[in-house]
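User: Hello! I am new to this structure and would like a close look at one part of it. Could you begin with a pair of bridge partners and work outwards from there?

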Amino acid sequence: MYDINHFYEATSVEHAVQLRVENPEAHIISGGSDILIGIRAGDLAGCDLISIYMLDELRGVSFHDDGTIRIGALTSFTNLAEDPIIREHLAVLGEAADTVGGPQIRNIGTIGGNTCNGVTSADTASTLLAFDAVMELTGPKGIRLVPLTEFYLGAKKVDLRPDEIATAVLIRKDHYKGYHGVYFKYAMRDAMDIATSACSVNVKLSDDKKTIQDARISYGVAGPIPLRARSAEKIVKGKLVSADTVEEFAAGALEDVNPRTSWRATKEFRLHLQREMARRCFVESIRRAGGSV
Amino acid sequence: MSNKQYKQLSFILNGKKVSASVDVRESLADMLRNEFGMTSVKKGCEVGECGACTVLINGNPYDSCIFLAAWIDGKEVTTVEGLVDIDGNISDIQQAFIDEAAVQCGFCTPGFIMSAEHLLNTGKRFSRDEIRKALSGNMCRCTGYQNIINAVENTMDKRLAEKDTEK
């Protein structure tokens, strides 16, 4: 038995928003693989819950007319990893989703929960950040779009207003078309583990595969929230694909990260990982984009 | 808890339509054990790490300890009890666990069997590494993993061979 004070079950998105307006203190529960654990641990014991789990309308991946990919907030990690649209256009996101927990957790965990819990280690969050993803938040006045880069406010704090629910994650066509990427999760175990640190890179090469047209790199567990390493991105934009460029990229990435020492790893080890992951992800992304270093 | 809250549910449990009035605070594992006597559903960690409570929901494996009972309305659940045939004979995967000595203390066994059942139901061939990945949400604290993987691999081979002869 979970220590839940009151359980509100939404029957539609509108109903969920109405429940949020009426119960601003209540927590949203989507899959529950964080919330229920929080209740069990005592941190959230006695809380009120608004369940959105039964809202099937929030599941699945689709295209908008302009080519934007829309991922429903309740889409599970398994659905992401297996979805044909994701596999074709956002392969790295499917690969990242496939590193979460184990099969059972990937069936219950949702992309909306993974972003809205505001945790730095979230496998899909750093990957989405490297796609310049946008959160679609629905409130009583309609939809508000917030870029993921601005959505994270601090550790476990996101820009989700008390009367809103996240309804989708959006990725614009010009943010994925022509990009190839890699996600690298460094953890102690191959399954059921949280990243010691993780890195996601997306690269777009020129037609002749010789020049870096654009590169994006983001990290999990390199600071209190998932973050982009803009310095590295600026350094390599327009540069020739070469071993020197790779080294400059890896060195540049360290200017923006701010890891800490925790029981999982020291700050020094994380910095070492972050430089090495930038290097490997960049080289592999270039390879996937058709180039070679 | 000021006043208890209940939800009326109907769902399919091991092929039979059932209904229940459930306390909204209950996990699916609690309800399956307490209301329906499905004691193959083991409660190990109760935080979704050990997989001992694994059941199939609409054919896919879930940790029933972190799945709210209230969410099962309209869905289909399979537990190890549902693998037994009408005459009470155990299934091939259960027999394989016995044959391969894949059971030590036995507490993790029902969860492993349900994860294995999902994998076997796909009708595809998997490498040992792929089997390991499919079972990675289940833990055996007696650490009898090799025999567990053997049991799953053997059952997979048998089912695929049977499928071939049927053709």
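Analyst: Let us start with Phe11(B), whose bridge partner in β2(B) is Val18(B). This is a predicted model, in which local features need pLDDT of at least 70, side-chain atom pairs count only at pLDDT 80 or more, and totals for chains, interfaces and linings use all residues. Residues are numbered from 1 along each chain as its sequence is written, while chains are lettered from A and ligands numbered from 1 in the order in which they are written.

The two partners belong to strand β1 (residues 6–13) and strand β2 (residues 16–23) of chain B, which pair in the antiparallel sense over eight bridges. Strands pair if DSSP finds at least two bridges between them; strands (E, at least two residues) and helices (H or I, at least four) are DSSP runs, numbered from the N terminus. The hairpin of β1(B) and β2(B) has two residues between the strands, and Asn14(B) takes a positive phi near 50° there.

β1(B) has another partner: with strand β5 (residues 76–78) of chain B, β1(B) pairs in the parallel sense over two bridges. Here Ile12(B) has Glu76(B) in β5(B) as its bridge partner.

Most residues other than glycine have a negative phi. Glu46(B), not a glycine, has a positive phi of about 60°. You will find Glu46(B) in the loop between α1 (28–34) and β3 (54–57) of chain B. Glu46(B) counts as partly exposed because it has 19 C-beta neighbours inside 10 Å. For these classes, a residue is buried if 20 or more other C-beta atoms lie within 10 Å of its own, exposed if 12 or fewer, and partly exposed in between, with C-beta atoms placed from the backbone.

Thr143(B) also has a positive phi, near 60°. Its place is the loop between α4 (128–134) and α5 (145–166) of chain B. With 9 C-beta neighbours inside 10 Å, Thr143(B) counts as exposed.

Finally, a look at the nonpolar core, meaning a set of buried Ala, Val, Leu, Ile, Met, Phe, Trp, Tyr and Cys residues joined through C-beta atoms within 7 Å. The largest one has 141 residues, and Ile52(A) and Ala278(A) have the most contacts inside it. Helix α13 (residues 267–288) of chain A gives the most to this core, with seven residues.
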